[in-house]
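Good morning, and thank you for joining this group meeting. I ask you to keep the sequence and the structure in view while I speak.

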Amino acid sequence: MKFNVSSMALLSALQSTSKVIASKSTLPILDSFLFNLQGETLTITASDVETRLVTSVDVVHVEGSGLFAIDAKRLLDPLKELPEQPLTFDINDDNMTVNVDYENGKFNLPGQKGDAYPQQKPLKDSSVRLEIESQILLNGINRALFATADDELRPVMNGIYFDIQPENLTFVASDGHKLVRMRNLSVQAKERASFILPKKPANILKSLLIKNTETAEVVFDENNAYVKTSSFEMICRLIEGRYPNYDAVIPAENPNNATIDRISFYAALKRIASFSNQASGLVKIQLSENKMIVFAQDIDFSTSAEEKIVCQYMAAPLNIGFKVSSLIEILSNISSENVILQLSDPSRAGVIVPAENEENEELLMLLMPMSLND
């Protein structure tokens, strides 16, 4: 087999697919890229058994066709150091030796026959199909990913829950302390369906969709999901199990509402975070008429800090405690100028919503309070 390919085009395709490869693979061949040369298209596959990513690159001056595999690190490291130029790949079909010629030199490395690479099982006939704009998918993943858990006992919490309904698509994530629910009203489906996308493929999609403006095709059954655009295909194993009733934990009534400038709130929390107790990370919020005081203290080191923030608040005075790092994460994942902090009492979850939602979006963040021990 022989072909010519642009060094930068090949490197870009390899770097995007290499994110799938695990640091310790269960099968030695999964440390490699699988290449499939057919006509003037070179298809590149990477997998860690659970997740599989496929992309392609155009090639010219092709001789032959077939499957071969090359160790990912051995191929990526020299390609990263090459400027843009044509590369000539010459693969010996008998011993799978790979020779790569470029402008001022060449390198050779061992290859493997691609027949041993694990094949992907097809989706079941009962699979559900959904078309969604790439930026809507990216936005949902971006907003929810930080709230996913790392819980061995409850694996369903370790991913993003896609709740597909005839009138909207809802992205949900929770670690038991914080929760994100983002509804997109522009995505509509014929029937109710759902799946839980694991954290690793969600992160991979996040990097692949940043500059993608196409419509993505999402197809899934009870075990696997398939996400496809013109530039890549990703197949991943889904998390099995029933996701908790997320709406049930969101307080129905929160009479104490404060409207706050998000950047001011965020900046104040960042400044006082280092003064909170290192173990608990507690920050105390004191609300009174049109005023909020954020206070942090570490008795062990005799340090404390407080800041006053002007806000719109006309309800009864209220004191509540939150974990400062979680509050900072929530505010950094909201884009509106102002946020509304919705509270009922110091023992019930606080709800944070943007004062102005993006078009066709309804975003809600929830955070469980911490005991103040006052």
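**Overall picture**

Of the chain's 374 residues, 50% count as buried, where buried means under 20% relative accessible area, exposed means over 50%, and partly exposed lies in between (1.4 Å probe, protein chains only). Please note that this is a predicted model, in which local features need pLDDT of at least 70 and side-chain atom pairs count only at pLDDT 80 or more, while totals for chains, interfaces and linings use all residues. Residues are numbered from 1 along each chain as its sequence is written, and side-chain values use heavy atoms, with hydrogens and water left out.

The chain contains six helices and 25 strands; helices (H or I, at least four residues) and strands (E, at least two) are DSSP runs, numbered from the N terminus. Along the principal axes, the C-alpha trace spans about 80 × 50 × 35 Å.

Let us turn to the covered parts. Helix α3, residues 134–144, is mostly covered, with eight of its 11 residues buried. Among them are Ile136, Leu137, Leu138 and Ile141. Threonine 51, in strand β4 (residues 51–58), counts as buried because its relative accessibility is 3%. Beyond residues up to four places away in sequence, threonine 51 touches Val20, Ala46, Pro201, Ile204, Met234, Ile235 and Cys236; contact means heavy atoms within 4.5 Å.

I come next to the salt bridges. How many salt bridges does the structure hold? There are 15 salt bridges, each being a side-chain nitrogen of Lys or Arg within 4 Å of a carboxyl oxygen of Asp or Glu. One joins the side chains of arginine 237 and glutamate 50, at 3.5 Å from N to O. Arginine 237 lies in strand β17 (residues 233–237) and glutamate 50 in the loop between β3 (41–47) and β4, so this pair ties together parts that are 187 residues apart in sequence. Arginine 237 is partly exposed, with a relative accessible area of 36%, and glutamate 50 is partly exposed at 40%.

Another salt bridge is formed by arginine 181 and aspartate 247, whose closest N and O atoms are 2.9 Å apart. Arginine 181 lies in strand β13 (residues 178–184) and aspartate 247 in the loop between β17 and β18 (256–261), so the pair ties together parts 66 residues apart in sequence. Arginine 181 is buried, with a relative accessible area of 13%, whereas aspartate 247 is partly exposed at 32%. A network of salt bridges links Arg181, Arg183, Asp247 and Glu362.
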